[in-house]
Every structure is written in structure tokens, then in C-alpha cells.
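Work through these exercises with the structure open beside you. Try each task before you read its solution.

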Amino acid sequence: MNIRIRPIATISFVVLALGLAWLVALPLWLDGGLGNPLAGVLLPAMMFTPAVAVVLVMAVLRPVPRGERLRFLGIWPLRPAKRVIWMLVIGWLVPPLLVALSILLAAALGFVQLDFAFSGFARELEKALPPGTPLPPVGIVVAAQVATIPLGALFNGILAFGEELGWRGWLVPALRPMGTWPALVLSGAIWGVWHSPVILLGYNFGRTDVTGVLLMIGGCVAWGILLGWLRLRSASIWPAVLAHGALNAAGGLIVLFAAAQPDLALAGPLGVAGWIVVAVVVVVLVLTGQLRRQPDLAGSAVPPTHPAPAAP
């Protein structure tokens, strides 16, 4: 069953997702920015606005027949099971590895100075604790932080589902008839723009102007290609959900190892160092034909001029 999403449905989703994100972030703009006491609640809530947009578009415009919705969104069925399981493992373990490689690359390029005595992190930890509180052994704290990344990926995956249902669940298949690359790049760019309400408050890069948004778009396009590949290669949303959660869980590694507060625009996983590492991985995927091997997504096939052979 071939399903082509009408442009009005795709546009409505994008407008709703962006608008709801600004609505959720509005209290931060009205009072205190990221220092608002509600930030710890509003930031996770914002992550579910793409999912809400999908639900509203499905309910009102009905672009996908009811019986095909779970399959179109990549929620169910999980088959072939072997391929989905392997893609889940990749999504769970590879993003933290890529973040670690981006840290090493940032150090090699001079973007950050690493300190394996963790004195920089110790200073930040001391600032975060109430005055007079004994500082725990910083090495143990760092080891615990690193060891809990796999578990943190699972926890963060719960929140990441709110985004992934929209970006990789809905938007990538909706744009897929344009071709694989336009779908991946455009969905990544929209994902980056969606972050604007908090990026313009200094989130992620500490920049409160358009440069912060442009940096976020670059990071989201880069990582969005990898998450989109997981989605297209597995025909399932869950590997992308787990990978998104793993990326979020490992994103703060740079702070543990930096001798001083790093410039995340250069050294962070969403910054220049991260772009380079992800670009190398994408080149490998292209050279090995991985972006051509895509199962059918509820009939949302690549146009005949860009055939996608069935995956083995």
C-alpha cells in the first residue's frame, strides 16, 4: 500500500511542532530564562511537542489510514527482528563512542585541553555543591558518570521518544518521496530550528543570537543523518529513539575531561568536532551502500528514479 503524505499534512506538522515548542518555552522567556525554576520541567515537556503534533495531524487530517499508522511511524511491527535488534545495539552503543572520538578530535585540533586528573571538573563540582560540603573523590564521580551512560541512554530514550516520533517517525517517511538525502537533510534542519526557543536563551552553546541556532542546525543535520539512517535501515523508530537517548546521555562527557569550560560550538558533540566525526561515519555508510538499503516504510518508497534495493 503506497502512502504519500499530502504537503498540507507535512506543513501542518512542522508548524505545530515549532509553535508548540515556543508555547512550552514561553514561561522561560517571560521570566528568568534557563534560570527559571520551571526549566527542569519545561525542557523535558518541550521534547514531547513533536509527538503531540503527530497525534494532532493524524487525528485531524488523517493522512495515514488507521490500520497503517503504527507501521508508518515505525512503532510496530518489529521485523525482521534480527535486523531491528542489531540496529538497536548500534543505536545504544555507537553514539557514546562517537562522542568520545569527537572529544579526542577536539583535543587534537586544539579546541579543548584535556585533563585526565579532572581538576576542571572538580572545580565545577565544587561550585555546584553547597559551601563547606566535602568534595567526593573526583575520579570515582567521573567513573560513575561514564559507567552509567548505557543506563542513562535507556532513561533518556523515554524523553527522546517524544522527539523521535515526530522527526524520524513521521517527518522522515513523509519527506522520503523527495529522495533519501533531501529527507534526511531537511528533517535534520527542521529539527535544529525546533530547538530555537531554548538555543536563543543560551542552551547548548551559550550563544543567544542566530549563530547558536545555525550551530544547532548543523549539529542536528549531522546527527539527524545517522538517526535517519537507523530509521530507514531498520524500518523502525526504536533504534533512533535509543540512539538519541544515548547521544543525550553522553553529551556531557566533554565537561568531565576538559581542563577548562570548553567552547561547545567547537568541541561539543553538536559542534565542529562532532560534525567531522559524524561526517566520516556518513561517508563510510555511503561508500558501503548502507543508505541505499532501505525496507519499505508502509509504502513510503523512494521515487522510482532513486530505487532502494531491499535489505538482505
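## Exercise 1: helix α15 and its neighbours

The buried residues of α15 pack against α5 (81-108), α9 (180-194), α11 (210-234) and α14 (264-267). Contact here means heavy atoms within 4.5 Å. The model is predicted: local features need pLDDT of at least 70, side-chain atom pairs count only at pLDDT 80 or more, and totals for chains, interfaces and linings use all residues. Residues are numbered from 1 along each chain as its sequence is written, and side-chain values use heavy atoms, with hydrogens and water left out.

Task: Find the buried residues of α15, and compare the span of α15 with the expected one.

Solution. 
- Step 1. Helices are DSSP runs (H or I, at least four residues), numbered from the N terminus. Helix α15 covers residues 272-287, which is 16 residues.
- Step 2. Buried means under 20% relative accessible area, with a 1.4 Å probe and protein chains only. Ala273, Gly274, Val277, Val278, Val282 and Leu285 are the buried residues of α15.
- Step 3. The expected span is 1.5 Å times one less than the number of residues.
- Step 4. Look just after α15: Gly289 takes a positive phi of about 75°.

## Exercise 2: α5 against α11

Task: Describe how α5 and α11 pack.

Solution. 
- Step 1. Two packed helices are described by the angle between their axes and the distance between the axes. Axes are lines fitted to C-alpha atoms over the stretch in contact, and angles run from 0 to 180 degrees between N-to-C directions.
- Step 2. For α5 and α11 the angle is about 170° and the axes are 10 Å apart. That makes α5 roughly antiparallel to α11 (angles over 145 degrees).
- Step 3. List the contact. From α5 come residues including Arg83, Met87 and Leu98; from α11, residues including Trp223, Trp229 and Arg233.

## Exercise 3: α8 against α12

Task: At what angle do α8 and α12 pack, and how is it classed?

Solution. 
- Step 1. Helix α8 (residues 149-175) and helix α12 (residues 238-250) pack at about 125°, with axes 6 Å apart.
- Step 2. That makes α8 oblique to α12. Oblique is what remains after under 35 degrees (roughly parallel), over 145 (roughly antiparallel) and 65 to 115 (roughly perpendicular).

## Exercise 4: Ala25

Task: Is Ala25 buried or exposed?

Solution. 
- Step 1. Ala25 lies in helix α1 (residues 7-30).
- Step 2. Its relative accessibility is 1%, so Ala25 counts as buried.

Key. Helix = DSSP H or I, 4+ residues; strand = E, 2+ residues; numbered from the N terminus. Buried < 20%, exposed > 50% of the residue type's maximum accessible area, 1.4 Å probe, protein only.
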